[in-house]
Amino acid sequence: MRPFQIHTPATLSDAHAALLAGDAAIVAGGTDILGETKEGIISPSALVSVGDLPELGGIEVSASGASIGGGVTLAEIAGSADIARLYPALAQAAASVATPQIRNVGTLGGNLCQRPRCWYYRSPLFDCLKKGGDTCFAVSGSSKYHAILGGDGCHIVHPSDPAVALAALNAEVEIFDGSGFRRLAIVDFFVGPSRSMISETVLGHAEIVAGIVLPPPAAAARSVYLKAKERRAYDFALASVGAYLEMDEDIVANARVALGGVSPVPHFAAEVSLALEGAAAGEIDAAEIGQLAVRHARPLSDNRYKVRLTANLVARALTILTSDEPPQ
Amino acid sequence: MKTAPPDTQSKPFAAIGQSAVRRDLAEKLTGEAMYAADVYLPRMLIGKILRSPHPHAKIVSVDASHALALPGVCAAVTPFDVPDGKIAPDALILDTEVRFVGDEVAALAAEDEDLARHALDLLRVEYETLPFVTDAVEAMSPHAPPVHPGGNLAGGNPLTLERGSVEEGFDQADFIVEDTFSTPSHSGAALEPRAAVAAWEDDRLTVWKSSRGVHQDQLLLSLALGVPRKSVRVIGQNMGAGYGNKDETRLSVLAAILARRARRPVKIEASRHEEFVAGRHRHGTFTTVKMGVKRDGTVTAVHASTVMDTGAYLSSGPGVIRRAGQGALYLYRCPNVRYDGYLCYTNTPSGGSYRALGAPQGHFALEVIADRAAKAAGMDALEFRLKNHVGPEGQPGERTTPANEIIDTQPLEGGIPFSSNGLRECIERGAEAFGWSQFQPSAEGPLRRGKGMAIFIYRGGPGGRSIARMRLEAAGSFRLVSGVMDVGEGSYTALSQIAAESLGVSVERITTTFGDTDMTPDSPITAGSTATFSAGLAVKRAASDLRARILESASKALGVPASTLDIFGASVRQREGAAAVSLADLASRSGPIEVEAAISPGSSDYVVNSFGAHFAEVEVNTDTGETRVVRYVAAHDSGRIINPRLAVNQVEGGVSQMLGFTLSEQMITDPMSGATLNASFLEHKSPTILEYPDIEVIFADVADPVGPYGAKALGEPPSIGVAPAVINAIRDAVGIEVKDLPATPDRILDLLDERSPTTP
């Protein structure tokens with residue numbers, strides 16, 4: 001591990017300025033970047049600490065929706081009564097992350113910007129595409145945890161749980177670029193390997209995730225986040241689904257389904273939304289919709305199970321949202 | 001030895017059977033307990049090891065000059081300047097050939113850890129890569145690259161053991177069931193990574209290390225370093241769990257060499273990654289079991305065959321491959337049994353001793369097949385086991401061991417009764433507590449529940465020659481001195497209870513000395529669930545002898561017959577009468593009294609074995625493939641229980657640990673590069689507390705005539721029945737059989753998919 005400096009700027013502008021110098025990286029909770037640094041995957045000369053910046057704190061809920069600062073911890077999100085009431089999928093996603101210790105320090109911004117868990121990427125022994133090499137080792141290697149959708153050359157899966165819920169909830173990401181803020185839909189915040197091999201987001205040099213903004217949920221909206229994993233804590237998703245359903249009487253007025261653990265970026269399942277909108281709740285064939293969600297799946301040698309798993313999760317999520325069954 | 005009649009002591013036990021508080025509880029709870037990595041010596045350096053990035057390569061050269069030129073780097077050792085000792089029969093201290101990704105290449109010592117780590121990057125190594133093999137079955141092909149000279153089948157031949165004739169046995173069968181099962185290698189994932197500190201004072205070496213046998217470590221260090229055994233002192237600190245595999249001296253040998261070169265103490269502590277990759281893990285296996293049964297359910301033949309991956313080095317592989325066959329050879333009453341064991345080298349991290357060695361792997365295959373055999377005969381799994389389990393009389397056949405010889409700890413031969421066998425009681429009481437007969441599989445949405453069981457047999461405790469000393473010290477206190485190590489299981493506490501019982505004093509009065517070669521007599525390693533049994537016999541003998549000597553001495557002092565005297569608290573008094581002398585007076589008058597007892601445990605009359613029956617209820621989610629163990633009953637015959645609380649802890653720990661083996665844990669080797677891909681707590685998928693069910697522990701009411709106060713082995717047996725009980729329960733719940741562990745969601749989903757494809 002290369003020695004590095006720690007900067008603790010007082011304002012967002014100062015943080016931006018500190019990031020402009022050299023090859024500095026952002027640290028908030030540090031749950032991911034310190035691991036990467038220790039393993040020698042990255043070697044920043046400085047870390048700029050943004051977790052305690054007042055500008056990145058706070059959960060605000062109003063008639064026009066909600067905003068959550070990038071420095072808000074996952075534990076705060078999981079424990080917010082407002083979020084649990086208005087955006088249950090997000091509360092469930094935040095609560096599903098890792099362990100209480102990690103949720104207590106891990107931030108929303110850091111969670112969205114965390115790097116992939118692919119074991120070839122994480123091992124210093126492999127010079128993979130993400131590190132500027134010319135091979136995706138998962139293709140002929142061990143691919144149990146890799147992508148079944150959108151693995152364009154590189155088959156990582158995006159590790160964030162909240163991102164999947166936020167995609168279903170149609171959130172926007174607010175980015176600070178030094179001079180001002182810009183917003184873009186969360187699905188546009190992430191970029192797959194066809195657009196960038198070495199980054200998973202659109203963030204430019206020294207740009208900082210200031211927070212996310214959520215539209216107000218419709219009166220009869222419901223949402224849920226389901227995550228399959230190999231143990232009940234301290235695990236990333238084998239596959240996950242965030243689903244949002246807005247009902248007009250008995251008819252689906254608006255539906256958004258996003259998938260996690262299956263593609264290099266949180267996968268927004270557009271065709272599922274289309275198929276659901278206008279359908280009567282009682283006529284939805286959840287199993288069929290589940291199949292539709294994985295229609296374009298291209299599993300690798302070890303992850304065929306994710307196809308069945310993802311279809312099942314989508315079906316289960318719809319069953320929960322269209323019945324009186326309480327979310328898990 | 002000739003077996004003594006069972007304990008006929010009529011008065012109730014005072015110390016045995018009591019849940020004495022473990023001796024190290026307070027220091028562990030307060031964080032004061034010292035582990036090897038807690039040892040800091042003046043001027044101590046930190047050692048680091050350079051590890052191979054290649055699965056198989058010749059080391060052409062190592063240039064340490066750049067690293068050594070760095071200020072603060074004080075010593076280095078490479079394969080080209082290492083002493084020519086061995087740390088194991090097939091392992092040099094450092095070799096010019098590396099055999100797995102993570103194998104030791106060179107080591108250095110520096111002022112601090114960061115510097116040492118940085119200096120590793122400055123070592124220039126030229127490798128010439130060699131062909132490699134990562135799969136045990138492939139490794140046995142004649143064309144596979146040899147990991148060691150002489151080929152990949154360790155020893156050159158399989159281990160073949162047969163009693164009767166399986167051919168004849170299968171001829172008598174109405175049904176034959178057969179299949180092949182695989183188990184992964186998994187790490188014990190001990191919280192304490194292995195660590196060693198070495199310091200020289202002139203020609204005398206002191207080593208502090210995580211150890212399960214300081215005397216064996218002393219011997220191995222002296223052999224590797226070419227120094228007299230007496231010049232080496234090994235101090236075993238507390239053990240942050242070892243599960244059997246912290247039995248090696250690699251780190252301490254390298255630390256000792258670096259310390260000698262730097263003329264300063266050196267500490268080497270494995271990183272978490274190193275602990276996973278270069279520690280020792282449970283051997284991966286492929287096991288085929290073939291069982292013949294008659295229509296009435298009688299087992300006529302069992303033939304098991306195991307291919308076991310020992311990785312790059314042998315370690316304890318020969319013991320492990322043998323242990324994998326013991327269930328097939330001995331669990332069911334059957335005149336015709338056979339076991340073939342193939343232990344294979346591959347270019348992967350080394351297997352080693354891990355709780356119950358090969359027994360969990362062998363029993364997994366055997367007990368899943370037993371369920372199928374039961375089904376073939378139209379019997380319930382419980383009924384089948386009650387009909388066929390080996391009874392107190394042992395296996396049919398004729399004894400071949402000469403009459404006065406000690407029986408082997410895992411005999412092949414029939415005709416030898418067990419010293420005690422509470423297997424039937426385990427099955428019956430376990431089934432009763434579980435509610436086996438009343439249990440109905442259930443389904444609610446995607447959740448399916450089922451039940452499963454398994455039975456098992458294991459070595460009962462006789463180990464190597466054990467020595468114990470007992471002293472009455474000047475202050476009138478008692479001291480127990482033994483060379484065994486408490487590896488976390490609580491043997492120091494159990495041995496103190498045995499000493500207290502034999503002396504007739506309370507356990508609080510026993511002070512102890514353990515874990516230091518300078519202060520304790522030679523002792524075997526804490527292995528094979530032998531410590532309480534074998535060291536316990538020596539402690540019992542020494543304490544009884546000391547009691548007799550004290551009473552004799554008091555008899556002289558008081559002028560009354562020794563037979564009228566007893567030890568009461570801090571004095572010796574007449575049971576009926578007034579004559580008394582304090583132990584302190586006695587000790588000051590006669591000087592400290594010390595006795596030493598040496599025991600070669602075992603029996604020439606009996607096989608000593610422990611037994612058990614496990615029962616599991618699982619819930620499988622057919623949507624996600626997740627399996628949850630919701631209820632668990634573990635019934636054990638480990639003879640008389642010395643300390644119930646510690647014993648229950650052992651069972652709960654063993655079951656919990658092996659739920660990881662069964663459902664989530666494995667070491668994953670990249671087939672293309674030989675690299676270990678998941679060397680972390682995150683990715684090895686060791687269970688968390690949320691995965692553990694309530695475990696009901698039952699002990700059979702058995703007092704063994706050979707063991708100390710009737711005790712038998714307990715440390716390893718709890719880990720044996722877990723995988724088959726759970727896998728049998730999964731079959732009951734969803735009708736699929738997981739033949740390849742761990743039973744992770746992907747495996748369950750793939751099997752469900754095979755049965756009813758629903759995906760494009």
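**A walk through chains A and B**

The structure is a predicted model, in which local features need pLDDT of at least 70, side-chain atom pairs count only at pLDDT 80 or more, and totals for chains, interfaces and linings use all residues. Residues count from 1 along each chain as its sequence is written, while chains get letters from A and ligands numbers from 1 in written order.

That pair belongs to a stretch where S9(A) runs alongside strand S10 (residues 239-248) of chain A, joined in the antiparallel sense over eight bridges. Strands (E, at least two residues) and helices (H or I, at least four) are DSSP runs numbered from the N terminus, and two strands pair when DSSP finds at least two bridges between them. S9(A) and S10(A) are part of an open sheet of four strands, with the order S9-S10-S11-S12 in chain A and antiparallel pairing. Its edges are strand S9 (221-228) and strand S12 (267-268) of chain A, and each of these pairs on one side only. Something packs on this sheet too: H13(A) touches S9, S10 and strand S11 (251-260) of chain A, and the direction of H13(A) makes about 30° with that of S10(A). Angles here run from 0 to 180 degrees between N-to-C directions, and axes are lines fitted to C-alpha atoms, for helices over the stretch in contact.

Where does this sheet sit in the whole chain? Chain A is divided into domain 1 (54-113 + 157-214) and domain 2 (221-321), with bounds from an automatic or database assignment. The C-alpha centres of these two domains of chain A are 20 Å apart. Where they meet, 26 residues of domain 1 of chain A are in contact with 24 residues of domain 2 of chain A; contact means C-beta atoms, placed from the backbone, within 7 Å. On the domain 1 side of that meeting, helix H5 (88-95) and helix H9 (162-168) of chain A each supply at least two residues. The largest share of that side, five residues, comes from H9(A). Sorted by class, that side of domain 1 of chain A has 17 nonpolar, seven polar and two charged residues. (Nonpolar is Ala, Val, Leu, Ile, Met, Phe, Trp, Tyr, Cys and Pro; charged is Asp, Glu, Lys and Arg; the others, Gly among them, are polar.)

Next, let's cross over to the other chain. In total, 26 residues of chain A are in contact with 30 residues of chain B. Which helix gives the largest share of chain A's side? That's helix H13 (residues 305-321) of chain A, which contributes eight residues. By class, the side of chain A that touches chain B has 13 nonpolar, five polar and eight charged residues.

Chain B is assigned three pieces: domain 1 (25-33 + 463-599), domain 2 (36-130 + 193-239 + 246-278) and domain 3 (284-461 + 605-755). Take domain 1 and domain 2 of chain B: their C-alpha centres lie 38 Å apart. Between them, 15 residues of domain 1 of chain B are in contact with 14 residues of domain 2 of chain B. The domain 1 side of this contact in chain B holds six nonpolar, six polar and three charged residues.

Seven strands make an open sheet in the order S3-S7-S1-S14-S11-S12-S13 (chain B), and the pairing is mixed. Strand S3 (73-77) and strand S13 (232-236) of chain B stand at the edges with a single partner strand each, so one side of each has no neighbour in the sheet. On average, neighbouring strands of this sheet are turned by 20° against each other, direction ignored. Look at the S13 end: strand S12 (residues 204-209) of chain B pairs with S13(B) in the parallel sense over five bridges.

Lying across S12 and S13 of chain B is H6(B), which runs at about 145° to S13(B). Helix H6 (residues 214-225) of chain B also meets helix H7 (residues 250-262) of chain B: their axes come within 10 Å and cross at roughly 50°. Asp217(B), Leu221(B), Ala224(B) and Leu225(B) of H6(B) make this contact with Ser252(B), Val253(B) and Ala256(B) of H7(B).

One last pair: the axes of helix H11 (residues 359-376) and helix H12 (residues 381-388) of chain B come within 9 Å and cross at roughly 100°. Here Ala370(B), Asp371(B), Ala373(B) and Ala374(B) of H11(B) meet Ala381(B), Phe384(B) and Arg385(B) of H12(B). The residues of this contact divide into five nonpolar, no polar and two charged.

Terms used
Two residues are in contact if their C-beta atoms, placed from the backbone, lie within 7 Å.
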